[in-house]
Amino acid sequence: MSRINSQYRLAARPVGLPKPTDWEYVEEPAAEPGEGELLIQTTYLSLDPAMRGWMNDAKSYIRPVGIGEVMRAGGVGRVVASHHPGFAVGDHVYGTLGVQEYCRSDGRGLTKVDPALAPLPVYLGVLGMPGMTAYFGLLDIGRPQAGQTVVVSGAAGAVGSVVGQIAKLKGCRVIGIAGGEAKCRLVVEEFGFDACIDYKSTDVRAALRAAAPDGVDVYFDNVGGDILDAVLARLARGARVVICGAISQYNATEPVKGPANYMSLLVNRASMTGMVVFDYADRYAEAAAEMSGWLAAGKLRSREDVVEGGVKAFPEALLRLFNGQNTGKLVLKVADD
């Protein structure tokens, strides 16, 4: 059976925001699976801020995407051909499928998912990498205790929205930071945060003084930059700062802005720890089981921002992450299931 695979390959290292010339769009016949292989038709792709870092030729926790390679991306899809004993045609799987309609795989790194238990986009959000990041970053590194104050930046995003909900489940007071009145309203009304600070219209430091008069016990940072500095100035003694991301810096053309208020860590006997979700891969099932239970019980809400348009819509859809257009988990729909 002849299938045409549409894909985006990295054509150049972006400077600042990725632009159209940084990509090469290719259509070619999908490779047929060999012995021990399977072919997956991608249904949904996960669009994540980390993708911007993967485009840079710099040392990181994962090797950069090579020039001419299919852009790395997590996704869910359906097996359409298989010569692999562990996967049958019709199975749904999650894995690193890349920005393409079809992915040939030897099965390594793939996980079967059940669309009867949760819609497929949820496996890219709460039950995917963002949910795992929130779960382990908050609980293993942040170590929140009931009654403590947790602050989350990027609170309307895929990771931040889940962090705040888990913190509430653990009995904490939770303050979000997000951009715009609509997002702040969503954070409080849908995700159940106690308060949300609009960094676009409010002095964040002054708002934090009012919202967290006794200081911040746990700060989950998704944005870096000035907001990180503002929260560092409000740390409580023994506070834990989780460095998950720094989306405010990813497209900077000047040197990355580091924390000016880092001495607050010394004064308050606080800690600041980086978090990479892949370090917890052997425990994903543990997190998925608990969060699935919370979802089923209505204690955890999942929100996906699904963009239509197939693979061709990828470059424009990715930019939604950096201009503040998305709420919840940003997902690109590639094909009907």
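This is a predicted model: local features need pLDDT of at least 70, side-chain atom pairs count only at pLDDT 80 or more; totals for chains, interfaces and linings use all residues.
View A. Y262 itself is found in the loop between β12 (235-243) and α7 (263-267).

**View B. The aromatic pair of Y8 and Y25.** A pair of aromatic rings is described by the distance of the centres and the angle of the planes. By the rule applied here, the count comes to 8 aromatic pairs, and in the one formed by Y8 and Y25 the rings are tilted, with 5.2 Å from centre to centre and 55° between the planes. The pair links distant parts of the chain, since Y8 belongs to strand β1 (residues 4-10) and Y25 to strand β2 (residues 23-29), 17 residues apart. Y8 is buried, with a relative accessible area of 10%, whereas Y25, at 28% relative accessibility, counts as partly exposed. Y8 and Y25 also belong to one aromatic cluster, which they form together with W23 and F314.

**View C. The edge-to-face pair of Y135 and F136.** The ring centres of Y135 and F136 lie 5.1 Å apart, and their planes make an angle of 80°. Y135 counts as buried at 5% relative accessibility, and F136 likewise counts as buried, at 0%.

**View D. Charged side chains over aromatic faces, shown for W54 and F87.** R72 lies over the face of W54, at 5.2 Å from the ring centre. In the other part of this view, K112 lies over the face of F87, where the distance to the ring centre is 5.6 Å.

**View E. The largest nonpolar core, which has 46 residues.** Within this core, the residues with the most contacts are L138 and M291. At least two residues of the core are supplied by each of α2 (129-142), β8 (149-153), α3 (158-169), β9 (173-178), α4 (181-189), β11 (216-221) and α8 (284-296). The largest share, 7 residues, comes from α2.

Note on methods: Residues are numbered from 1 along each chain as its sequence is written. Side-chain values use heavy atoms; hydrogens and water are left out. Rings of Phe, Tyr and Trp (its six-membered ring) pair if their centres lie within 6.5 Å; planes under 30 degrees apart count as stacked, over 60 as edge-to-face and the rest as tilted. Helices (H or I, at least four residues) and strands (E, at least two) are DSSP runs, numbered from the N terminus. Buried means under 20% relative accessible area, exposed over 50%, partly exposed in between (1.4 Å probe, protein chains only). A charge sits over a ring if NZ of Lys or CZ of Arg is within 6 Å of the ring centre and within 35 degrees of the ring normal. A nonpolar core is a set of buried Ala, Val, Leu, Ile, Met, Phe, Trp, Tyr and Cys residues joined through side-chain atoms within 4.5 Å.
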